[in-house]
Amino acid sequence: MLSSFINAGESRRGRLNFAVYDIPNVEWFSLIVGGIITIAFTMFFSIEHLIGQAIMTAMVTFIVSLNLYLAFLFTTPYSGDVKVPQDAFLTLQRMIEADP
């Protein structure tokens, strides 16, 4: 039972070590450049009405911005608003403690 608890602790430490790392700069660069290209691509769909073009570009910009924000939030999976809940760890702890 003690060895199971030690293994779970070591596994948790390993996950936390991996969680410290951030999204690499190359990936941020590709996300931002891809977003800019996607937004610029909407300009090729020339609509006769300027308001329609502006609304379409604004919607695409909003979606790209949301995706970049989510990528930023997911860089810290064990803290913040979007975090991995501790329920699984507590369940594992109860299972280990209940093991005879």
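Biologist: Where does T42 lie?

Modeller: This is a predicted model, in which local features need pLDDT of at least 70, side-chain atom pairs count only at pLDDT 80 or more, and totals for chains, interfaces and linings use all residues. Residues are numbered from 1 along each chain as its sequence is written, and side-chain values use heavy atoms, with hydrogens and water left out. Helices are DSSP runs (H or I, at least four residues), strands are DSSP runs of E (at least two), and both are numbered from the N terminus. In those terms, T42 lies in the loop between α2 and α3.

Biologist: Is T42 buried or exposed?

Modeller: A residue is buried under 20% relative accessible area, exposed over 50%, and partly exposed in between, using a 1.4 Å probe and protein chains only. The relative accessible area of T42 is 6%. T42 therefore counts as buried.

Biologist: Which residues is T42 in contact with, leaving aside its neighbours within four places in sequence?

Modeller: Contact means heavy atoms within 4.5 Å. With the neighbours within four places left aside, the residues in contact with T42 are Q53, M56, T57 and V60.

Biologist: Q53 is found in helix α3. Is Q53 buried or exposed?

Modeller: Helix α3 covers residues 50-73, with Q53 among them. Beyond four places in sequence, Q53 is in contact with T42, M43, F45, S46 and I47. The relative accessibility of Q53 is 10%, so Q53 counts as buried.

Biologist: Which residues of α3 are buried?

Modeller: What covers the buried residues of α3 includes α2. The list of buried residues in α3 is Q53, T57, V64, A71 and L73.

Biologist: How many Å does α3 reach from its first C-alpha to its last?

Modeller: The expected span of a helix is 1.5 Å times one less than its number of residues. For α3, with 24 residues, the expected value is 34 Å. The reach in the model is close to that, at 34 Å.

Biologist: How are α2 and α3 oriented to each other: roughly parallel or roughly antiparallel?

Modeller: Axes are lines fitted to C-alpha atoms, for helices over the stretch in contact, and angles run from 0 to 180 degrees between N-to-C directions. Helix α2 (residues 25-41) packs with α3 at an angle of about 170°, and their axes are 9 Å apart. Angles under 35 degrees count as roughly parallel, over 145 as roughly antiparallel, 65 to 115 as roughly perpendicular, and the rest as oblique. The two helices are therefore roughly antiparallel.

Biologist: How many charged residues are in the contact of α2 with α3?

Modeller: On the α2 side are W28, L31, I32, G35, T38 and I39, which meet T57, V60, T61, V64, L68, A71 and F72 in α3. By class, this contact has nine nonpolar residues, four polar ones and no charged ones. Ala, Val, Leu, Ile, Met, Phe, Trp, Tyr, Cys and Pro count as nonpolar, Asp, Glu, Lys and Arg as charged, and the others, Gly among them, as polar.

Biologist: What is the C-alpha to C-alpha distance between L68 and L31?

Modeller: L68 lies in helix α3 and counts as partly exposed because its relative accessibility is 23%. Not counting residues up to four places away in sequence, L68 touches W28, L31 and I32. L68 and L31 are 37 residues apart in sequence, and their C-alpha distance is 7.2 Å.

Biologist: Which residues is V82 in contact with, leaving aside its neighbours within four places in sequence?

Modeller: V82 lies in the loop between α3 and α4. At 31% relative accessible area, V82 is partly exposed. Its contacts beyond four places in sequence are L73, F74, T76 and P77.

Biologist: How many of the 12 residues of α4 are buried?

Modeller: Helix α4 spans residues 87-98 and reaches 16 Å from its first C-alpha to its last, close to the 16 Å expected. This helix is hardly covered. Its count of buried residues is one.

Biologist: What percentage of the 100 residues in the chain is buried?

Modeller: The chain has four helices and zero strands, in the pattern α-α-α-α. It exposes about 8200 Å², of which carbon and sulfur atoms supply 70%; this accessible area comes from the Shrake-Rupley method with a 1.4 Å probe, and for residues only the protein chains shown count as cover. Buried residues make up 13%.
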